[in-house]
Amino acid sequence: MADLEIKSDCCEPAVQETCCEPEDKSECCGDGPGCGCSAGKDKQATTVEIREVVRERYAAAAIDAGSHGASCCDNAAVITPEQRAVFGSNLYEDSDRDALPEAAQLASLGCGNPTAVADLAEGQVVLDLGSGGGIDVLLSASRVGPTGKAYGLDMTDEMLDLARRNQQEAGVENVEFLRGEIENIPLPDDSVDVVISNCVINLSGDKPKVLREAARVIRPGGKFAVSDVIADPDMDDATREDIQAWTGCIAGALTRDAFEQHLTDAGFDEIQIEETHRVHDYAASAIIRATLPIECGSAR
């Protein structure tokens with residue numbers, strides 16, 4: 001994994017402005033300063049490489065959770081007391097943790113508690129992007145009640161197996177775990193009321209697509225409410241290019257301004273980004289909320 005380098009940019013913004021035809025700019029120049037017209041395929045390949053590194057890391061974390069506990073933030077995939085202060089199930093209320101299987105708690109890799117800020121209501125349909133061991137899906141299922149439903153989406157078979165075992169142990173019926181990637185959500189348009197996620201969007205190599213997919217599946221008037229890591233504007237290149245820092249939820253994080261811009265581009269409004277606690281010298285955990293306007297329904 002150490003051989004993979006992730007570059008934050010590869011040409012000056014002024015070069016990007018002249019490298020692409022306007023209708024091709026978003027595809028070939030990417031979502032950063034841009035790497036020129038020849039970079040489109042390179043960006044796609046890097047996204048695939050990132051996905052496979054993340055998949056490998058979290059498969060190991062799922063297996064490890066059965067005996068040790070896990071975190072997205074250390075090389076051994078075992079959460080340390082120091083890391084537990086900023087990542088993991090300690091960020092949930094005692095009453096939430098106590099209601100869930102121990103394996104679901106141990107496999108919690110997040111940087112917050114999105115179910116506590118999503119304002120879930122009886123009868124709603126909620127989707128958790130990157131559901132891992134299922135802690136947020138099971139908590140959401142309890143909040144939306146038997147007339148609602150909670151979906152969990154994960155690309156890692158080991159995490160899905162763990163989540164389904166946790167569901168069975170918890171005796172929760174209104175839950176369905178789906179295999180897939182957050183860049184290509186396997187649900188129809190306008191099919192969920194709320195999208196949540198816990199420290200997962202930063203792991204994607206194509207975050208604008210993740211947010212566009214979230215907007216696609218959310219019903220007009222629905223909510224986006226996630227916990228994620230946001231990067232400081234002065235995060236250094238060495239951190240950005242460190243794949244271990246990427247799988248550790250840091251290197252791939254968007255800045256506050258970039259996250260807000262991508263949400264706006266995806267069609268969201270009423271965007272709120274609230275920092276909760278520091279997780280790195282150059283990054284913080286944040287609660288990110290947004291709403292899909294009612295009028296979006298007629299445009300899709």
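What follows is a conversation about how terms are applied to this predicted model.

Colleague: What should I know before reading the values?

Modeller: The model is predicted, so local features need pLDDT of at least 70 and side-chain atom pairs count only at pLDDT 80 or more, while totals for chains, interfaces and linings use all residues. Residues are numbered from 1 along each chain as its sequence is written, and side-chain values use heavy atoms, with hydrogens and water left out.

Colleague: How many helices and strands does the protein have, and what makes a run count as one?

Modeller: The protein has 12 helices and eight strands. Both are DSSP runs numbered from the N terminus: a helix is H or I with at least four residues, a strand is E with at least two.

Colleague: Why is Lys207 called buried?

Modeller: Buried means under 20% relative accessible area, exposed means over 50%, and partly exposed is in between (1.4 Å probe, protein chains only). Lys207 has 6% relative accessibility, so Lys207 counts as buried. Lys207 is in helix α9, and its side chain reaches the backbone oxygen of Ser204 at 2.7 Å. Across the protein, 55% of the 300 residues are buried.

Colleague: What makes helix α9 mostly covered?

Modeller: In α9 (residues 207–217), eight of the 11 residues are buried. Among them are Pro208, Leu211 and Glu213.

Colleague: Why is α7 described as largely enclosed by the rest of the structure?

Modeller: Eight of the 10 residues of α7 are buried, so the description applies. Ile135, Asp136 and Val144 are among the buried residues.

Colleague: How do you know that Asp136 has no salt bridge?

Modeller: A salt bridge is a side-chain nitrogen of Lys or Arg within 4 Å of a carboxyl oxygen of Asp or Glu. For charge, Lys and Arg count as positive, Asp and Glu as negative, and His and the chain ends are not counted. The nearest side chain of opposite charge to Asp136 is Arg143, 7.7 Å away. Asp136 does make a polar contact, side chain to side chain, with Asn198 at 3.4 Å. That term covers N or O atom pairs within 3.5 Å; within protein, one atom must be able to donate a hydrogen and the other to accept it, and residues adjacent in sequence count only if both atoms are side-chain atoms.

Colleague: Which pairs do meet the salt-bridge rule?

Modeller: The count is eight. One of them joins Arg216 and Asp189, at 2.8 Å from N to O. Arg216 is in helix α9 and Asp189 in the loop between β3 and β4, 27 residues apart. Another is formed by Arg278 and Asp232, with the closest N and O atoms 2.7 Å apart. Arg278 lies in strand β7 and Asp232 in the loop between β5 and α10, so this pair ties together parts 46 residues apart in sequence.

Colleague: Are Arg278 and Asp232 buried or partly exposed?

Modeller: Arg278 has a relative accessible area of 36%, which makes it partly exposed. Asp232, at 18%, counts as buried.

Colleague: Why is the pair of Phe224 and Phe268 called tilted?

Modeller: Rings of Phe, Tyr and Trp (its six-membered ring) pair if their centres lie within 6.5 Å; planes under 30 degrees apart are stacked, over 60 edge-to-face, and the rest tilted. The search of the whole structure finds one aromatic pair. The ring centres of Phe224 and Phe268 are 5.4 Å apart and the planes are at 45°, so the pair is tilted. Phe224 is in strand β5 and Phe268 in the loop between α12 and β7, 44 residues apart. Both Phe224 and Phe268 are buried.
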